[in-house]
Amino acid sequence: MKTDSDNCIASLTTAKTVAAISSIQITGAGSVNILRKIFRPAGKTVDFNEGNILHGFIFASGRDIDEVVIGCEGKDNFSINCHGNPLIVENILELLKRHGARVVEPEEIMMLLGRGKYGDNTIAVEADIAAAGAASLAGAQIIAHQLKMGLFNTAQSWLKNMNVSQIEDIGACAERILKDSRIADFFIRGVKVVIAGAPNSGKSTLFNYLCGKEKAIVTDIAGTTRDWLSAKVKLKKITAEFFDTAGLDEDLSEKNIIDSQSQKQAVDLINECDLVLVVVDCTNPAIVMAGLTEAKKKIAVFNKCDLIDKSAVAGLPYGVKISAKTGAGVNELIDWIEQSLGVWDFDLKKTVCFTERQKKILEQIASAETKRQIERLITELLKCCLVIS
Ligand SMILES: Nc1nc2c(ncn2[C@@H]2O[C@H](COP(=O)(O)OP(=O)(O)OP(=O)(O)O)[C@@H](O)[C@H]2O)c(=O)[nH]1
Ligand SMILES: [Mg+2]
């Protein structure tokens, strides 16, 4: 027999990690019934009406699992804020499941809540989900702008002016949005930056300086780094994940299995990243290009400038001049990184897309040949039925 709680879904909405506080959302008809069975208020009475904040305990089989604060966020919609120990979270989710709630991924619950909040404005629903995972505040601002202005507004005005607009104009506008979206993506998901270069050029020293701790081993023996390391660092505008890699040396590829594997790993990372820092020891300036294709964005970084005099530094080729040991020039390097990725002067109020679904539709709009096709695609962009992948 179907019960009320069959329509109830629950999900962890904070990160799946050790934290001070974790939050579990439970929503749908039957939520209150479940909460009544598993929640014991700290005071004498309990009132699950919208707007109330309840303090008490989640319990099972006569034992308290955790002390919690429940936010009554709407009709049949509650957040259970518990301590952020993954075992506590697991126990509470398991308990909700035993009482009939379906435990789902956060996107599903956010989509459901978003539909209630925004109706059939699909871009707004996607914006709420994407903003929760944005890698920077600027990324969340870019997404927030698309909700009523930006992408939503542009798509609506395309539809409204379909009779007077030229197909080519809409196509060109879609192309522009796709181009800007590539930069917006750096704010939204962060960037991957590989530190590459010849053995002993100072890659690990630079990596350690950027992440503010001695994470990578540094020695004057060429070939010290074999397994790559990574660290996320907040730059001025964006968050970057830096990768310290093995020194590129074609001879090492054939030396032994370990060196050949680490050479391959370095090249694979280079192929997947957004930007490569090619570190060159300015006392021994052999620029290593192995694994670096023309198409890859890169910055030449001349390191160990503390070891040569000022006139020799001035005579170095185009690139950033630094000392990874003293930190001189690293601030300029960060500016170069942000400028070369186009984020330095990016207007956060530009119209962009921020999901794969939107991107695919805009690509189709850019190459559509009839107004009818475009009209159908815009309607899909605005009102499609979202599916959880
Ligand atoms: N004077 C000076 N020495 C540096 C600088 N950067 C690195 N070194 C030294 O250069 C040597 C090699 O540094 P690493 O950071 O291990 O070089 P690497 O490129 O990671 O080397 P592999 O992992 O072997 O490819 C160490 O002795 C560092 O102390 C610098 O800016 N100035
Ligand atoms: Mg190294």
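## A loop residue between two strands

Aspartate 76 is found in the loop that joins strand S5 (63-74) to strand S6 (77-83). In this predicted model, aspartate 76 has a positive phi of about 55 degrees, although it is not a glycine. As background, most residues other than glycine have a negative phi. Lysine 304 is another non-glycine residue with a positive phi, here about 65 degrees. Its place is the loop between strand S12 (298-303) and helix H10 (310-314).

Stepping into strand S6 brings us to serine 79. Is serine 79 buried or exposed? Serine 79 is buried, because its relative accessible area is 4%, and the cut-off for buried is under 20%. Leaving aside neighbours within four places in sequence, serine 79 is in contact with Ser23, Ile24 and Gln25, and also with Val69, Ile70, Gly71 and Glu73. Serine 79 and threonine 27 are 52 residues apart in sequence, while their C-alpha atoms are 8.6 Å apart in space.

## How the chain is divided

Let's step back to the whole protein. The chain is divided into domain 1 (4-104), domain 2 (114-188 + 355-383) and domain 3 (190-340). Domain 2 is therefore written as two stretches of sequence, 114-188 and 355-383.

Taken over C-alpha atoms, the centres of domain 2 and domain 3 are separated by 37 Å. How many residues of each domain are in contact? Six residues of domain 2 touch six residues of domain 3.

## Helices H7 and H12

Two packed helices are described by the angle between their axes and the distance between the axes. For helix H7 (residues 167-189) and helix H12 (residues 356-367), the axes come within 8 Å and cross at roughly 145 degrees. The crossing of H7 with H12 is left-handed. On the H7 side, the contact is made by Ile170, Gly171, Ala174, Glu175, Ile177 and Leu178. H12 brings Lys359, Leu362, Glu363, Ile365 and Ala366. By type, the residues of this contact divide into seven nonpolar, one polar and three charged.

Helix H7 also holds aspartate 180. Aspartate 180 counts as buried because its relative accessible area is 16%, below the 20% cut-off. Apart from neighbours within four places in sequence, aspartate 180 is in contact with Phe346, Lys350, Thr351 and Val352.

Valine 343 sits in the loop between helix H11 (330-340) and H12. With a relative accessible area of 0%, valine 343 is buried. Which residues does valine 343 contact, leaving aside its neighbours within four places in sequence? They are Ile183, Phe186, Phe187, Lys237, Ile238 and Glu338.

Valine 343 can also be placed relative to lysine 236: the two are 107 residues apart along the chain, and their C-alpha atoms are separated by 10.0 Å.

## The magnesium site

Which protein atoms are the donors of the magnesium ion (ligand 2)? They are Ser204 (OG) and Thr225 (OG1), lying 1.9 to 2.0 Å from the ion. The pair links distant parts of the chain, 21 residues apart: serine 204 belongs to helix H8 (residues 203-211), and threonine 225 to the loop between H8 and strand S9 (229-234).

Serine 204 counts as buried because its relative accessibility is 8%. Threonine 225 is buried as well, with a relative accessible area of 15%.

Leucine 159 lies in helix H6 (residues 150-160). Leucine 159 counts as partly exposed because its relative accessibility is 29%, a value in the band between 20% and 50%. Not counting residues up to four places away in sequence, leucine 159 touches Glu375, Ile378, Thr379 and Leu382.

Lysine 383 is placed in helix H13 (residues 371-383). Beyond residues up to four places away in sequence, lysine 383 touches Asp120 and Thr122. Lysine 383 and proline 41 are 342 residues apart in sequence and 42 Å apart in space, C-alpha to C-alpha.

Methods:
Residues numbered from 1 in each chain as written. Chains lettered and ligands numbered in written order. Predicted model: local features only at pLDDT ≥ 70, side-chain atom pairs only at ≥ 80, totals over all residues. Heavy atoms only, no water. Axes fitted to C-alpha atoms, helices over the stretch in contact; angles between N-to-C directions. Helix = DSSP H or I, 4+ residues; strand = E, 2+ residues; numbered from the N terminus. Left-handed = near helix turned anticlockwise from the far one by under 90°. Contact = heavy atoms within 4.5 Å. Nonpolar A, V, L, I, M, F, W, Y, C, P; charged D, E, K, R; others polar. Donors = N, O, S within 2.8 Å, 3.2 Å for Na, K, Ca; no water. Buried < 20%, exposed > 50% of the residue type's maximum accessible area, 1.4 Å probe, protein only.
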